[in-house]
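A short report follows it.

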Amino acid sequence: MARRGAAVFRVATTYIGTVVGAGFASGQETLRFFAAYGPAGLAGILLATLLFCLLGISAMNLGRRLGAETHREILHHVLGASLGRIMDGAITLFLGITLTVMIAGGGAIFAQQLGAPYALGTLLTAVVAGATILAGMRGVMAANTVVVPLLSLAVLGLVGASLHHHGLGEVLSALSPHAALAPARSWWMSALLYVSYNLVLALSVLGPLGAEIRDRTALLWGGLLGGLALGVMAAGMTLAISAHLPEAAVEIPMLYLTRFHGPFVQWFYAVVLWAEIYTTAVGCAYGFAGRLGQAWRYREAVVASICFALVGSGFGFSRLLALFYPLFGLVALVVLAGLLREPLRGVPRG
């Protein structure tokens, strides 16, 4: 029983850590995909939570049945070989774009928290991420086990403090639409796009995780707990950010909220957020450079990846996220459709 409980915890935390990247922790994703729709954004979070639970379980069970080593086996299974190869290429491209967004996020933290030049933050984040993947991945894997729980606690703590300060009634009354920030016309489409790009990028972890755990019950409860935790955090962040709109519609909304809770909270959240950006950037850089490394030598691929991200980061963190994340979510809807076609009760057989 204890062994199964440990497996459930591992599945849930891995699922959360895969989705809770710097875009989520900064508050930009929550601001645009949910808070921008006012009260309807809460309905969007409910839909997203349901999909995260169902599709996360489906993806992990597919990984278990197929013995998946990467996301490719799942893509080829749900889309076919030809379309699966196309989507594999799209995911590789988006890894490069996400690396660019993370480098831009490092610059945004330096500019917003330190008042330092944006370019200095992007350069430092890029150099540290590049040096890490040249040196190896063991340290990064160890860092993730510390950074993800710290980030989750920091997010929930900041949300709790904000809701306590304002009161739930005041926060609910502050919910109002901000159409200029919304990535889609309707709240339900925004929720679909949000789940779409997050889940498709998570396939590279969820598939092999299902193949490794292989316990159907652990995958079921781990997927449910992970999906519910993502929904709770998104709902709390939406309420906290909405209480400060439109002032909180900055590069890093969650960092804006820390100014109401003293300098220690500001610096703690900034450091944890930068650490999450760093680990996310390293993961994306490793995957992107690894694919480029099939044509080039790996060291050259790393340098090319970092240079690509540095140039692209000049467009700014929030602008890059607002443009590319909904676009990839739209492309990735085809994968969601494939996963939804999988009969959930039939997937575990095998």
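The sections below cover the model, its cavities and a surface patch.

## The model

This is a predicted model: local features need pLDDT of at least 70, side-chain atom pairs count only at pLDDT 80 or more, and totals for chains, interfaces and linings use all residues. Residues are numbered from 1 along each chain as its sequence is written, and side-chain values use heavy atoms, without hydrogens or water.

## Cavities

The structure holds two cavities of 30 Å³ or more. A cavity is a set of points on a 1 Å grid over the protein atoms alone where a 1.4 Å probe fits but cannot get out; lining residues have an atom within 4 Å of a point. A volume is the space filled by probe spheres set on the points, which are joined across faces, edges and corners.

The largest cavity has about 50 Å³. Its lining includes Phe 24, Phe 34, Phe 52 and Tyr 194. Ser 162, His 165, His 166, His 244, Leu 257, Phe 260 and His 261 line the second largest cavity.

## Surface patch

Val 146, Leu 150, Phe 264 and Phe 268 make a nonpolar surface patch of about 390 Å². Patch residues have over 30% relative accessible area and no salt bridge; nonpolar side chains (Val, Leu, Ile, Met, Phe, Trp, Tyr) are joined within 5 Å. A salt bridge is a side-chain nitrogen of Lys or Arg within 4 Å of a carboxyl oxygen of Asp or Glu. Areas come from the Shrake-Rupley method with a 1.4 Å probe, and only the protein chains shown count as cover for residues.

Phe 264 is exposed, at 65% relative accessible area; exposed means over 50%.

Key. Patch = residues over 30% accessible without salt bridge, like charges linked within 9 Å, V, L, I, M, F, W, Y side chains within 5 Å. Buried < 20%, exposed > 50% of the residue type's maximum accessible area, 1.4 Å probe, protein only. 1 Å grid on protein atoms, 1.4 Å probe; cavity = no way out; pocket = protein on both sides within 12 Å on 5 of 7 lines; lining within 4 Å.
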